[in-house]
Each structure stands twice: as structure tokens, then as C-alpha cells.
Amino acid sequence: MGLITEWREELANTLWPPRCVLCLRLLEEGDSCVHHALPAGLGGPRCPRCYARLPDAIRDGTLCAGCRLHSPAFDQALACWDYWEQPIAREHILAAKHRGRAELWRQLGVRLGGLLNSSANERPLLVPVPSHLSRKIERGHDWVASLARAAAMRCDGEVISALKK
């Protein structure tokens, strides 16, 4: 992290002390909300291509049955969390999506950017799938674009708007 980024973060924490993004409980420095901390990562063995959960008896790095039968058009997928297996991650996503919590998109994007940073061989290119106009109006913003921008800032990636709804 650069000196300017550290200085900005320190100033922001002084002016707006950190709080839990879900319950808004005031947090001490370096503390996280015991009830709402995002999981550190995914558990269990995963398919290296689509990142689907594999049965515990299968070793990590083995292709899942779906990828063996019908190879996807991509080389590799990455995932920060499992939406169904990790309810706290699901809570964060749903709160950001349906309760207008833009700060949650930044937090989720930073985590995604960190994952991209640690696994990308090249500068990541993020192409967000645009939300439908009615969803943008309903939610007040395009949350997918917010997530992509936060991730790109964290991993020095680039966001391009190449898709249309």
C-alpha cells in the first residue's frame, strides 16, 4: 500500500471511526465485528476451473464432473466466498444490493481486488455485466459497476464498459 493511500485511510478512520458495515457497531482499530466479519476465504476442496465445491473425499485441484464432461469456455474462475455455504458473505451481498449500502460494495470490491491481485498473472481487466435500467433506478446506482471499480482500484486493474443489457 502506498504512503498516500495509508495517509488517506488514517485520516478517514480519524474522521469517521470504523464501524461494522452491517450492524454499525463502533470498532476498535484492527477489530472486526464478531457477528458480521466476512469469511477469510472458501473452505474445502474446489474445482480449479469453475471453483465449484468438491466432496471432501476428493483432493483439491481435481476437476469437477461438470468441467470434465463439458469443459467451460473459460480457463479459470475465482470466488471470494460461497454464497450458499457462507451466510455472512450472503448477508453482506444482500445488504449492499437491497439496502443501498454502497460502502459494502467498496468492501466487497476490495476483497475481490485482493483475490485478483494474488492470482492474476497480468493486469486484471474487469468487465461488469450492467444492471437493468429498472434495477439501477430501484437501487439508486449500478452496484456491479461499483464493485468492479473498487476491485480495480485494489488490484490496479482496468474496468471497461463493453457489455450492453
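Start by selecting His92, which sits in helix α3, residues 87-98. You are looking at a predicted model. Is His92 buried or exposed? His92 is buried, because its relative accessible area is 1% and the cut-off for buried is under 20%. In sequence, His92 and Gln107 are 15 residues apart. In space, their C-alpha atoms lie 9.3 Å apart.

**Stop two: helix α4**

Select residues 102-119. This is helix α4, with 18 residues. From first C-alpha to last, α4 reaches 26 Å, close to the 26 Å expected at 1.5 Å a residue. Which residues of α4 are buried? They are Leu104, Trp105, Leu108, Gly109, Gly113, Gly114 and Leu116. Show what surrounds them: the buried residues of α4 pack against α3, β1 (125-126) and α6 (143-155).

Zoom in on Trp105. Leaving out residues up to four places away in sequence, Trp105 touches Ile93, Ala96, Lys97, His141, Trp143, Ser146, Leu147 and Ala150.

**Stop three: the nonpolar cores**

Show the side chains of Leu38, Cys80, Trp81, Ala89, Ala95, Ala96, Leu104, Trp105, Leu108, Trp143, Val144 and Leu147. These twelve residues make up the largest nonpolar core. Which helices each supply at least two residues of this core? The helices are α3, α4 and α6.

**Stop four: helix α6**

Select α6, which has 13 residues. Its span from first C-alpha to last is 18 Å, close to the 18 Å expected at 1.5 Å a residue. How many of the 13 residues are buried? Ten are, so α6 is mostly covered. Color them: Trp143, Val144, Ala145, Ser146, Leu147, Ala148, Ala150, Ala151, Ala152 and Cys155. What do these buried residues pack against? Their partners are α3, α4, β1, α5 (133-139) and β2 (158-159).

Step just past the end of α6 to Asp156. Asp156 takes a positive phi of about 55 degrees.

**Last stop: the surface**

Go to helix α1, residues 3-15, and pick Leu15. Is Leu15 buried or exposed? Leu15 counts as exposed, because its relative accessibility is 52% and the cut-off for exposed is over 50%. With Leu15, they form a nonpolar patch on the surface. Together, the four have about 510 Å² of accessible area.

Conventions
Residues are numbered from 1 along each chain as its sequence is written. This is a predicted model: local features need pLDDT of at least 70, side-chain atom pairs count only at pLDDT 80 or more; totals for chains, interfaces and linings use all residues. Side-chain values use heavy atoms; hydrogens and water are left out. Helices (H or I, at least four residues) and strands (E, at least two) are DSSP runs, numbered from the N terminus. Buried means under 20% relative accessible area, exposed over 50%, partly exposed in between (1.4 Å probe, protein chains only). Patches are made of residues with over 30% relative accessible area and no salt bridge: like charges are joined within 9 Å, nonpolar side chains (Val, Leu, Ile, Met, Phe, Trp, Tyr) within 5 Å. Accessible areas come from the Shrake-Rupley method with a 1.4 Å probe; for residues, only the protein chains shown count as cover. A salt bridge is a side-chain nitrogen of Lys or Arg within 4 Å of a carboxyl oxygen of Asp or Glu. The expected span of a helix is 1.5 Å times one less than its number of residues. Contact means heavy atoms within 4.5 Å. A nonpolar core is a set of buried Ala, Val, Leu, Ile, Met, Phe, Trp, Tyr and Cys residues joined through side-chain atoms within 4.5 Å.
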